[in-house]
Amino acid sequence: MPCVVILLALNIGALTAVVARAEGWAAFRAADWAALRFTLVQAVLSALISVALAIPVARALARRRFPGRGALIVLMGAPFILPTLVAVSGILAIFGRQGLANQGLALLGVQGFTIYGLQGVLLAHVFFNLPLATRLILQGWARVPGEHLRLAAALGFDGRAMWRHVEWPMLRQVIPGALAVVFLICLTSFAVALTLGGGPRATTLELAIFQAFRFDFDLGRAALLALVQAALGIGALLLLARLTLPIGAISGLDRPAPAPGGGLPRLTDALAIVLAAAFLLLPLSMVVWRGAPHLPSLPEPVWQAALQSLRVAGLSVMLLALMTAALALAAVYATRAGRAFEALGMSALTASPMVIGTGLFIVAFPLIDPARLALPVTALVNAAMALPFALRAVLPALRRAEADHARLSAALGLGFGAHLRLVLWPRVRPAFGFGLGLGAALSMGDLGVIVLFAQTGGETLPMQLHRLMGAYRTADAAGAALLLLALALAAFVLVERLVGGRKGLHAGT
Amino acid sequence: MLELDGLAIRQGEFRLQADLTIAAGALVAVMGPSGGGKSTLLGAIAGFVGHQGAIRWQGSRIDALPPAARPLSILFQDNNLLPHLSVFDNVALGIDPRLRLSDTQRSGVMQALDRVGLAGLEQRLPAQLSGGQIGRAGLARVLLRARPMILLDEPFAALGPALKKAMLDLVAEIAAEHAATVLMITHDPADARHLCPQTLVVAEGRASPPADTETLLASPPPALAAYLGYR
């Protein structure tokens with residue numbers, strides 16, 4: 001299984017390189033301790049805030065029916081395919097120095113605030129993870145049996161009894177998993193810390209690795225930091241492995257939950273929905289609004305970068321398709337090792353992108369100009385990042401198809417090829433398309449490992465956008481952000497349609 | 001007396017009409033083909049399904065009341081117990097959803113548990129009970145609430161014949177205690193014969209008035225005959 005080899009080599013090889021090259025503990029400076037502390041603090045706070053805010057939003061969405069509810073739930077999935085830098089641009093347009101919020105405060109004669117630092121990192125992380133947490137908690141609500149809601153009505157539960165006997169017991173099962181997922185995601189935060197954090201007080205380990213590379217070109221220290229980051233990631237994963245991490249699908253939401261009457265619950269629900277929608281929609285609207293006028297006048301290098309991003313995303317999707325297909329089939333068919341294949345795929349990048357990047361750089365640097373590896377390495381790392389999500393979409397569909405139809409295929413005497421083509425592929429295709437679409441958008445918008453490898457001329461669009469933002473070329477940055485948003489969404493839709501086929505074509509039996 | 005006066009339910013393509021009365025204290029089986037609307041009819045009486053027309057109990061309308069204020073207890077097919085609460089607490093919910101019980105109320109719960117044969121199991125969680133014991137716990141709450149009507153939406157469908165018969169006997173006992181009116185959905189003519197002197201048929205968009213169970217089963221109307229597999 002070449003994919004397995006690639007994945008293992010990616011993890012183990014990079015880690016070995018990092019270990020071999022890492023300097024002793026003496027090189028771990030005070031600033032590095034601060035980075036370690038900040039990484040943990042921001043991840044914990046991001047998880048707590050995202051989940052705490054998600055509870056009232058999920059509750060309101062679960063028990064109210066209103067026009068636009070379906071659209072809002074779809075929107076809750078959008079941050080997933082939204083490039084980090086696009087979100088950051090939108091957030092800056094609202095909360096930045098020249099943003100709407102500070103302009104409003106200035107009109108009132110109130111002292112403005114700065115977004116840079118912990119508060120900005122948290123704001124961006126909540127922007128990305130509040131929707132995710134909301135979807136996870138919404139699933140908890142969807143799993144409450146309808147009879148329990150009717151029972152509560154039949155026995156006359158008030159708000160407090162409802163909370164105590166129905167809502168809290170459900171939340172107690174859902175919340176730990178949601179916290180863990182957000183925590184793990186924020187642990188490897190790079191692009192957000194790069195744009196909104198920075199400075200000695202707001203640097204994550206991933207960012208510190210990059211800085212050791214870029215500013216000091218101190219490979220030994222970068223490797224040491226990568227080692228700490230890898231240990232942190234593996235430690236957290238082991239610690240949280242006891243929790244079954246929830247998955248982000250939405251099902252069975254349309255069983256009506258009786259909405260409590262009374263003014264106060266109605267008011268709080270309305271408030272939760274309006275605030276959440278505004279928090280998500282305003283930054284995105286600002287990206288479109290401010291970017292549109294500058295789209296036609298974007299300079300040549302931006303278009304070059306867009307082309308490079310398309311190349312990376314294209315290659316990444318192909319790699320992702322191979323890995324997903326191979327691992328999904330192996331997980332279903334390898335009777336003994338199936339679980340191991342599944343586990344490998346689900347935790348494809350145990351080491352974070354920056355750790356992998358550092359390791360690969362250390363291996364490649366003496367042999368070949370790293371800039372020439374920028375494209376394939378980025379595509380490979382992006383594919384490995386997207387693999388768990390693609391597998392989560394494909395594996396259940398494949399298992400169901402196999403469980404439903406394997407006996408029929410055997411009875412009809414279909415060979416493996418025919419079984420694959422006639423039985424499995426039509427059933428799995430929509431999920432496969434969805435998974436690859438996610439991968440395409442993720443790769444299109446990723447600002448990560450590429451920054452270690454690419455030099456001038458080889459930038460991807462997110463990297464170019466970061467340069468424009470850093471150089472205060474506001475107009476070009478606004479245009480580039482909109483272009484990136486459009487390309488990421490288009491990549492998702494196009495790949496999902498092309499690979500997934502028309503929806504509903506194979507519905508039913 | 002329970003009156004369904006011009007009751008009409010519409011859910012998309014689905015229609016159900018009912019114009020009938022059921023005497024107070026009657027034990028009535030509700031039979032008919034799957035998807036015919038048996039559960040929907042009970043849901044309307046219990047307050048979960050919107051409808052037109054009036055529902056009256058002893059002459060006064062109850063259809064504007066919230067489910068908890070209606071003079072009835074209902075048992076569903078599944079999930080009558082909350083999985084994280086002990087048997088005692090699950091039954092006590094029937095008195096006070098906030099579970100702040102006086103000593104008298106606590107001993108009332110224990111008596112109800114004793115009556116249904118669950119004495120000594122009050123601290124168990126539902127997952128630690130057998131199917132029959134889960135049914136008994138649900139009935140203990142019905143007993144404790146002592147409402148004049150009992151609606152049973154097939155709560156014993158998953159039990160074996162002997163266990164189901166024991167449950168039906170328990171229902172009969174509890175109903176007799178307060179002279180309660182029972183409406184029981186069932187697929188099994190034997191259940192209807194065992195517990196219910198009367199049966200009402202829900203089929204083809206109509207709930208017909210209750211009729212004598214033996215007579216009905218001996219010469220069923222066409223829809224019921226087809227459902228029962230009679231020729």
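Which residue forms a salt bridge with B:Arg98?

1. The partner is A:Asp158, and the closest N and O atoms of A:Asp158 and B:Arg98 are 2.5 Å apart. A salt bridge here is a side-chain nitrogen of Lys or Arg within 4 Å of a carboxyl oxygen of Asp or Glu, and by that rule the interface of chain B and chain A has 1 salt bridge.

2. Before going further, please keep in mind that this is a predicted model, in which local features need pLDDT of at least 70 and side-chain atom pairs count only at pLDDT 80 or more, whereas totals for chains, interfaces and linings use all residues. Residues are numbered from 1 along each chain as its sequence is written, chains are lettered from A and ligands numbered from 1 in the order in which they are written, and side-chain values use heavy atoms, with hydrogens and water left out.

3. The interface between the chains draws 21 residues from chain B and 16 residues from chain A, contact meaning heavy atoms within 4.5 Å. About 1,800 Å² is buried between chain B and chain A, with carbon and sulfur atoms giving 62% of this area; buried area is the accessible area (1.4 Å probe) that two parts lose on being put together, summed over both. On the chain B side, B:Asn79, B:Pro97 and B:Arg98 supply 31% of the area buried against chain A, more than any other three residues, and B:Arg98 is also the residue that forms the salt bridge with A:Asp158.

4. Between chain B and chain A there are also 9 residue pairs in polar contact, both residues being at pLDDT 80 or more. A polar contact is a pair of N or O atoms within 3.5 Å; within protein, one must be able to donate a hydrogen and the other to accept it, and residues adjacent in sequence count only if both atoms are side-chain atoms. The side of chain B that touches chain A consists of 12 nonpolar, 4 polar and 5 charged residues, where Ala, Val, Leu, Ile, Met, Phe, Trp, Tyr, Cys and Pro count as nonpolar, Asp, Glu, Lys and Arg as charged, and the others, Gly among them, as polar.

5. Chain A is divided into domain 1 (29–287) and domain 2 (297–509), with bounds that come from an automatic or database domain assignment. The centres of these two domains of chain A, taken over C-alpha atoms, are separated by 23 Å, and the contact takes 32 residues from domain 1 of chain A and 32 residues from domain 2 of chain A. Together the two domains of chain A bury about 2,700 Å², 81% of it on carbon and sulfur atoms. Within domain 1 of chain A, the residues that lose the most area to domain 2 of chain A are A:Phe80, A:Ile81 and A:Leu85, together 22% of what that side buries.

6. Between domain 1 of chain A and domain 2 of chain A the count is 0 salt bridges, although 3 residue pairs are in polar contact across this interface (both at pLDDT 80 or more). The elements giving two or more residues to the domain 1 side include α4 (84–95) and α11 (219–240) of chain A, helices being DSSP runs (H or I, at least four residues) and strands likewise (E, at least two), numbered from the N terminus. Of these, α11(A) gives the most, with 8 residues, and the residues of that side divide into 25 nonpolar, 5 polar and 2 charged.

7. In chain B, the domain assignment gives domain 1 (1–71 + 147–231) and domain 2 (81–146), whose C-alpha centres lie 25 Å apart. The area buried between the two domains of chain B is about 1,200 Å², with 66% from carbon and sulfur atoms, and B:Arg147, B:Leu170 and B:Ile174 together account for 42% of what the domain 1 side buries. The rule finds 2 salt bridges across this interface; B:Arg115 forms a salt bridge with B:Glu173, the closest N and O atoms being 3.1 Å apart.

8. On confidence, the mean pLDDT of chain B is 91, and 100% of its residues reach 70 or more, pLDDT being the predictor's confidence in each residue, from 0 to 100. The predictor gives the complex an ipTM of 0.78 and a pTM of 0.81.
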